[in-house]
Amino acid sequence: MSRQMRPSLAALGCTLALACAPPANETNERTDGAAAGEVEADHVLPSRPETLNWGWFPIDKEPVLRIASGETVRMQTLTHVGATQNEDPVEFLTGLGVPREEILDDVIDFWASREGRPREGRSGHVITGPIHIEGAEPGDMLEIQVLDIETRVPWGVNSTSGRGGVFSPSYPGARDEDVALDMPPARHLIRTGEVDGREVAFFSPDIQVPLAPFMGILAVAPDPVVGEPGVTVPGVQGSRPPGAFGGNLDVKDLTAGTTVYLPVFHPGALFYAGDGHGAQGDGEVSGTAIEQSLTGVFRFVVHKGVTIPAPRAETPTHYLIMGIDLDLDRAAREATRLVVEFLVEEKGLTPDKALSLASIAVDFRVSEVVDLTQVVTGFIPKDIFLER
């Protein structure tokens, strides 16, 4: 991310958007199951019942994969839609209009494994992991390069309700006198596919939304404390609210070609991903995006002794600094504070100059407002710095 954070990328000889070439002692034979044209990976992590978690980030689960720093993983994820309801998944999804041949076996198998999975204090996401990255220790930073994100099925689902999302009675901004919107709860099946070489969502006959797939959840194992957002059971961090560990950030800009940085709280970092979205607007105001099963290819790099207080990211054009709080105003304040801190520590500005630059050159965007804690992201343009 900065002079301090980037030496490992240079050492790997990679760019953010492209996978490194395989080491010289490896053959060119494909062993990751990737189709022609897809980004190759050192490891594959399928979305099977034993690799999936329902609504939380276990801190003591045996890792489902162990890798070295610098290695890449092709990681399959499942949307919760069809996998977590009481109704049989085939009946449920075909009832929404999904053809039987487009229902992943992984969805059916996870649904069949629900009995016996703990639910108290958990949320609704289906999450793949954890991955243990050798050498990661508390106080380090984990760099996650998002090399590729692919849709697994040509459909996703968005849900709406007159009392959901920002219209929920439990929404932080709700007031007793608010009138519920006059609309019944609905699930909207949205087909996706290619038009003129780009993936789009066919929202209606005359509306096509460009796909920009990303993982709503990118997380390391947290350090849960009862009373903090999403923690009602000792040792259990529910997956709904994001936090310092990452989690359900729902920052739509974390697409292929970006890099995410998370602080490490446990040996091996214990990385999780899930909550795939085909497309999402800033805010995710209905409470869901296009919920879609995705496959991501990630490279993991451990930065020893580099400590950050909260998730950060970068795209080819911007540094992304995230402020997270239960209150949207406080999230904006926290994002501003962390932007100032970043500009002081990484760009050498004085605090007053950093705040001045934040006010005249940094865009603060509401990334999500429906997951208990809320996320405001400061977008710092890279091109204003003549020396990087």
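Which residue of E13 is the bridge partner of isoleucine 144? In this predicted model, the partner in E13 is valine 260. Residues are numbered from 1 along each chain as its sequence is written, and local features were required to have a pLDDT of at least 70, with side-chain atom pairs counted only at pLDDT 80 or more. Totals for chains, interfaces and linings use all residues, and side-chain values rest on heavy atoms, with hydrogens and water left out.

The pairing of isoleucine 144 with valine 260 belongs to the contact between strand E6 (residues 141-151) and strand E13 (residues 259-263), which run antiparallel and are joined by five bridges. Strands (E, at least two residues) and helices (H or I, at least four) are DSSP runs numbered from the N terminus, and two strands pair if DSSP finds at least two bridges between them. E6 and E13 are members of an open sheet of nine strands with mixed pairing, in the order E1-E4-E15-E6-E13-E16-E17-E19-E18. Strand E1 (43-45) and E18 stand at the edges with a single partner strand each, so one side of each has no neighbour in the sheet. On average, and with direction ignored, neighbouring strands of this sheet are turned by 25° against each other. Helix H4 (residues 328-347) packs on the sheet and touches strand E16 (312-314), strand E17 (318-325), E18 and strand E19 (373-381), where contact means heavy atoms within 4.5 Å. The direction of H4 makes about 140° with that of E17; axes are lines fitted to C-alpha atoms, for helices over the stretch in contact, and angles run from 0 to 180 degrees between N-to-C directions.

E19 runs antiparallel to E17, to which it is joined by eight bridges, and tyrosine 319 has isoleucine 380 of E19 as its bridge partner. E18 and E19 are likewise antiparallel, with six bridges; here aspartate 371 is partnered by threonine 373. One residue lies between the strands of this hairpin, and leucine 372 takes a positive phi near 70°.

Phenylalanine 203, in strand E9 (residues 198-204), is exposed (over 50%), with a relative accessible area of 52%. Leaving aside neighbours within four places in sequence, phenylalanine 203 is in contact with Ile190 and Val209. Its C-alpha atom is separated by 6.0 Å from that of isoleucine 190, 13 residues apart along the chain.

A pocket is an open set of points with protein on both sides within 12 Å along at least five of seven lines, and lining residues have an atom within 4 Å of a point. The largest pocket has a volume of about 720 Å³, volume being the space filled by probe spheres set on the points. Of its 34 lining residues, His80, Ser159, Ser286, Gly287 and Thr288 are the closest to its centre. The lining divides into eight nonpolar, 19 polar and seven charged residues. A cavity is a set of points where a 1.4 Å probe fits but cannot get out. The largest cavity has a volume of about 30 Å³, and its lining residues include His80, His125, Asp275 and Glu291.

How values were computed:
1 Å grid on protein atoms, 1.4 Å probe; cavity = no way out; pocket = protein on both sides within 12 Å on 5 of 7 lines; lining within 4 Å. Nonpolar A, V, L, I, M, F, W, Y, C, P; charged D, E, K, R; others polar. Buried < 20%, exposed > 50% of the residue type's maximum accessible area, 1.4 Å probe, protein only.
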